[in-house]
Amino acid sequence: MTIDGPNTAETIKLRCRITLFAASLAMLLGACVGDVAASGSSASTQPFTGMGQPVAGGQIYGNACSSCHGSDLFGLDGLGNQLAPSEFVMLNTQSELANFIEQGRAADDPDNTMQIEMPPKGGSPWLNDRDIADVAAYLKASQ
Ligand code: HEC
């Protein structure tokens with residue numbers, strides 16, 4: 001146990017560094033592409049309305065959505081339904097999906113098939129407009 005302690009701490013530290021690095025890379029990539037899409041306007045202060053980036057969205061999905069919808073998007077019993085393949089994802093545009101994710105779906109919503117709430121932003125209120133667009137793009141790309 002005394003040997004395991006420091007090793008485990010080191011491993012966690014390393015994992016954190018890798019995660020942080022991957023996250024910064026994804027944000028950097030998103031920022032670059034987003035700025036090009038916004039064609040030079042002062043994008044940082046404007047609400048994000050551009051196309052999402054599926055690769056960055058995959059990271060966000062893993063952190064904020066997979067706990068209910070499954071890391072393979074097949075859904076998890078009693079938590080969240082299947083998102084790929086999904087008629088709902090196919091029939092809605094990226095921005096319609098983004099609006100849905102923003103709001104979630106109440107348990108008593110007539111469209112709710114599981115009678116379980118999807119909280120707004122899947123319960124991750126820190127997700128910004130660009131994150132939501134990215135995750136919506138990821139869902140569209142996963143069909
Ligand atoms: C706490 C669990 C939970 C989390 C986290 C969660 N969802 Fe959901 N989600 C649900 C539930 C429950 C439903 C409603 C299922 C139903 O209508 O039967 C749902 C529905 C959806 C739907 C509609 C699917 C359909 O067929 O109508 C989409 C799209 C969706 N979620 C995307 C996401 C995204 C993207 C995230 C991450 C930002 C996310 N969800 C996070 C529980 C969750």
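The legends below describe close-up views of a predicted model of a protein chain with a ligand.

Residues are numbered from 1 along each chain as its sequence is written. Because the model is predicted, local features need pLDDT of at least 70 and side-chain atom pairs count only at pLDDT 80 or more, while totals for chains, interfaces and linings use all residues.

**View 1. The protein chain as a whole.** The chain holds six helices and zero strands, where helices (H or I, at least four residues) and strands (E, at least two) are DSSP runs numbered from the N terminus. Read from the N terminus, the order of elements is α-α-α-α-α-α. Of the 143 residues in the chain, 23% are buried. A residue is buried if 20 or more other C-beta atoms lie within 10 Å of its own, exposed if 12 or fewer, and partly exposed in between, with C-beta atoms placed from the backbone. Among contacts with a separation of 6 or more, 61% are between residues 24 or more positions apart; two residues are in contact if their C-beta atoms, placed from the backbone, lie within 7 Å.

**View 2. The crossing of helices α5 and α6.** Helix α5 covers residues 94-103 and helix α6 residues 129-141; their axes come within 9 Å and cross at roughly 120°. That angle makes α5 oblique to α6. Axes are lines fitted to C-alpha atoms, for helices over the stretch in contact, and angles run from 0 to 180 degrees between N-to-C directions. Angles under 35 degrees count as roughly parallel, over 145 as roughly antiparallel, 65 to 115 as roughly perpendicular and the rest as oblique. The crossing of α5 and α6 is right-handed; a crossing is left-handed if the near helix is turned anticlockwise from the far one by less than a right angle, and right-handed if clockwise. On the α5 side the contact is made by Gln94, Leu97, Ala98, Ile101 and Glu102, and on the α6 side by Ile132, Ala133, Val135, Ala136, Ala137, Leu139 and Lys140. Nine of the residues in this contact are nonpolar, one is polar and two are charged. Ala, Val, Leu, Ile, Met, Phe, Trp, Tyr, Cys and Pro count as nonpolar, Asp, Glu, Lys and Arg as charged, and the others, Gly among them, as polar.

**View 3. Alanine 98 in helix α5.** Alanine 98 lies in α5 and is buried, because 24 other C-beta atoms lie within 10 Å. Residues up to four places away in sequence aside, alanine 98 touches Ile132, Ala133 and Ala136.

**View 4. The packing of helices α2 and α6.** Helix α2 (residues 54-64) packs with α6 at an angle of about 100°, and the axes are 7 Å apart. The angle makes α2 roughly perpendicular to α6. From α2, Pro54, Ala56, Gly57, Gly58, Ile60 and Tyr61 meet Asp131, Asp134, Val135, Ala137, Tyr138 and Ala141 of α6. This contact has eight nonpolar, two polar and two charged residues.

**View 5. The shell around the ligand.** The ligand is surrounded by 28 residues, of which Cys65, Cys68, Thr113, Met118 and Gly122 are the closest. A residue is near a molecule or strand if its C-beta atom, placed from the backbone, lies within 6 Å of it. Helices α3 (66-69), α4 (87-91) and α5 each supply at least two residues of the shell. By class, the shell has 15 nonpolar, ten polar and three charged residues.

**View 6. The loop between α3 and α4.** Leucine 73 lies in this loop and has a positive phi of about 70° although it is not a glycine. Leucine 73 is buried, because it has 21 C-beta neighbours inside 10 Å. Apart from neighbours within four places in sequence, leucine 73 is in contact with Gln82, Leu83, Ala84 and Ser142. Glycine 75 belongs to this loop too, and is partly exposed with 17 other C-beta atoms within 10 Å. With neighbours within four places in sequence left aside, the contacts of glycine 75 are His69, Gly70, Gly80, Asn81 and Gln82. Proline 85, also in the loop, is joined to alanine 84 by a cis peptide bond with omega of about -10°. The C-alpha atoms of leucine 73 and proline 85 are separated by 8.2 Å, with the residues twelve apart along the chain.

**View 7. Glutamine 115 in the loop between α5 and α6.** Glutamine 115 lies in this loop, and its phi is positive, near 55°, in a residue other than glycine. Glutamine 115 is exposed, because 9 other C-beta atoms lie within 10 Å.
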